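These are my notes from one sitting with a structure. I wrote down each thing as I looked it up.

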Amino acid sequence: MKKLNIAIVGLGNIGSYLFKYLIKNKMILAKKNNCIPNVIYLSAKNKNRKRKIKFNKKMFLNNYLDATKKEDIDLIVELIGGAEGPAKKLVFKALKNKKHVVTANKALIAKYGDQLSKIAEKNRVNLEFEASVCGGVPIIRSLKEGLIANKINKVFGIFNGTSNYILSSMEKENKSFNEVLHKAKKLGYAESNPKSDLNGEDVAAKLKILTSLCFNSFLNKNIHVEGIKEIDKDDINYAKKLGYKIKLLGYTELIGKHIYQRVHPTLIKNSSHVASIDGVLNAVIIDGIPVGKSIIQGEGAGPAATTSALISDISSILRGNIKFPFSISNKERKNLNFKQISGRSFSAYLRFEVVDKPGVLSNIAQIFSKNNVSIKRLVQDPNKNKGSSSIIIITHPSKDSSLNRIINIINNRSYVKKKSKLIRIDDN
Ligand SMILES: NC(=O)c1ccc[n+]([C@@H]2O[C@H](COP(=O)([O-])OP(=O)(O)OC[C@H]3O[C@@H](n4cnc5c(N)ncnc54)[C@H](OP(=O)(O)O)[C@@H]3O)[C@@H](O)[C@H]2O)c1
């Protein structure tokens, strides 16, 4: 049987798990793919670090870049991480030296995916990155293969387990953002520095990759990104009373001739499928023609789920054939027109914390009317002890720019006690 010689570079959480998996399942993978996955080299930063894996010391490459030069290596699995530095050097050099590459690195692919895919295509090698988006949820291979027949109009969902855990725990346990974040770190659901999970950047990187695959476009930086840090317990509770949950959702959608990419906290109806996805799970909904709506959900991170995705990529290379990294040739990919969301319409939840005195509500209503935003529901929740009142307004679909203008105008009024909130609603 044919063999494919593999080097794994990066032996942290993911790299060590993948190595153990490949050793244990070598023969079954060989039978399924008619080619033996043969790990012959390993590398990481610190040669002397105590690791959970056992291997022959001769396999360890002192200089990780040697993996790109060795004649006997066919495939390099990059598991270092980060868009710059060693991961970038390794992947560029590997592809230039005609090695296949498998990576779990969303930051690298979201930033340099176009350049990398051009080198891969020119040198007729594979560049696969299933594990870079939603770990064990096979969304990339689904778009590239299982759903190849479809014209995709929209992909949306929960792409970040940490933020989903935080929002669903705030709702279930009625706890504050900081209390829940502390617990998430203790349980290992949030990293010690969870910045990119909480500010939406992690979802944005994944979404850029999916957008390119859905619309045969080059990667595009025009994406609206908001995180979950501003969401407080009161928002969660008011949303609940109104029949919604708050989720950090990512959307890529084609409306008319325009593509919108956006990541923001969203009110979604309690009865919807996405609202039922709690904890660290991810869920992706794909809307295409002729298939209609498909949903894939599962573990979005962690060594086991990520290894499942890496093995899918490695198997694809074991089976042979050179595939285009972004589904079609770079010559066929387009620079499409991506629109700012300011011109798109949304229903929205707006919350104002104001001084409880006559005239405030009518002033707010006037500002809505002057900006052509019509009110669908209004809840007033006075707090007699504090002399304040929470005003929650649900709007009919309105231009995003008008909704933001209202927030800015009202924030400047003397009766406002706290920064006002705007959370878009998913009407579907
Ligand atoms: N963790 C997850 O749940 C998850 C899920 C999906 C995707 N990913 C992606 O998978 C990749 C790996 O993540 P991870 O959690 O396994 O990270 P990790 O535990 O921090 O491991 C990183 C590895 O890279 C090695 N490394 C760092 N600098 C290096 C250098 N200059 N030269 C050679 N090796 C170097 C480290 O070596 P030492 O061991 O010697 O320090 C370590 O083995 C990242 O791209 C991440 O975004 C992770």
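Is C134 buried or exposed? I kept in mind that the model is predicted, and then I counted. C134 has 32 C-beta neighbours inside 10 Å, and 20 or more make a residue buried. C134 therefore counts as buried. I found C134 in the loop between strand 5 (127-128) and helix 5 (139-146).

**Entry: another positive phi**

I looked up N372 next. N372 is not a glycine, yet it has a positive phi of about 60°. I located N372 in the loop between helix 12 and strand 13 (375-383). Is N372 buried or exposed? I noted 9 other C-beta atoms within 10 Å of N372. The limit for exposed is 12 or fewer, so N372 is exposed.

**Entry: a cis peptide bond**

I checked omega at the bond that joins I289 and P290. The value is about 15°, and the peptide bond is cis. P290 has its place in the loop between strand 10 (281-289) and strand 11 (292-299).

**Entry: the ligand**

How many residues surround the ligand? I recorded 24, and the closest are G10, G12, I14, A44 and G81. Which helix gives the most to this shell? It is helix 1 (residues 13-24), with three residues. I then sorted the shell by class and wrote down 11 nonpolar, 11 polar and two charged residues.

**Entry: helix 7**

I wanted to know which residues of helix 7 (residues 177-186) are buried. They are V180, L181 and A184. These residues cover an arc of only 105° around the axis, which means that they are on the same side of helix 7. On the other side of helix 7 I found N178 and K186, which are exposed. What covers the buried residues of helix 7? The cover includes helix 6 (161-173). After helix 7 comes G188, and I noted its positive phi, near 80°.

**Entry: S163**

Helix 6 also holds S163. I counted 29 C-beta neighbours inside 10 Å of S163, so this residue is buried. Which residues does S163 contact, leaving aside its neighbours within four places in sequence? I listed D197, L198, I228 and L248. I also looked up the separation between S163 and K69: they are 94 residues apart in sequence and 40 Å apart in space, C-alpha to C-alpha.

**Entry: helix 12 and helix 13**

I looked at how helix 12 (residues 360-370) packs with helix 13 (residues 400-411). The angle is about 145°, and the axes are 10 Å apart. I noted the crossing of helix 12 and helix 13 as right-handed. Which residues make the contact? From helix 12 they are I364, I367 and F368, and from helix 13 they are I406, I409 and I410. Sorted by class, the contact of helix 12 with helix 13 has six nonpolar, no polar and no charged residues.

S362 is also found in helix 12. I counted 9 C-beta neighbours inside 10 Å of S362, so S362 counts as exposed. I then looked up the separation of S362 and V91, which are 271 residues apart along the chain. Their C-alpha atoms are separated by 60 Å.

**Entry: I73**

I found I73 in the loop between strand 2 (36-43) and strand 3 (75-78). I73 has 21 other C-beta atoms within 10 Å, so I wrote it down as buried. Not counting residues up to four places away in sequence, I73 touches N5, A7, Y41, A67 and K99.

**Entry: F92**

My last stop was F92, which has its place in helix 3 (residues 85-96). I noted 17 other C-beta atoms within 10 Å, so F92 is partly exposed. F92 and A120 are 28 residues apart in sequence, and 9.3 Å apart in space, C-alpha to C-alpha.

How values were computed
Residues numbered from 1 in each chain as written. Predicted model: local features only at pLDDT ≥ 70, side-chain atom pairs only at ≥ 80, totals over all residues. Near = placed C-beta within 6 Å. Helix = DSSP H or I, 4+ residues; strand = E, 2+ residues; numbered from the N terminus. Nonpolar A, V, L, I, M, F, W, Y, C, P; charged D, E, K, R; others polar. Axes fitted to C-alpha atoms, helices over the stretch in contact; angles between N-to-C directions. Left-handed = near helix turned anticlockwise from the far one by under 90°. Contact = placed C-beta atoms within 7 Å. Arc of directions from axis to C-beta.
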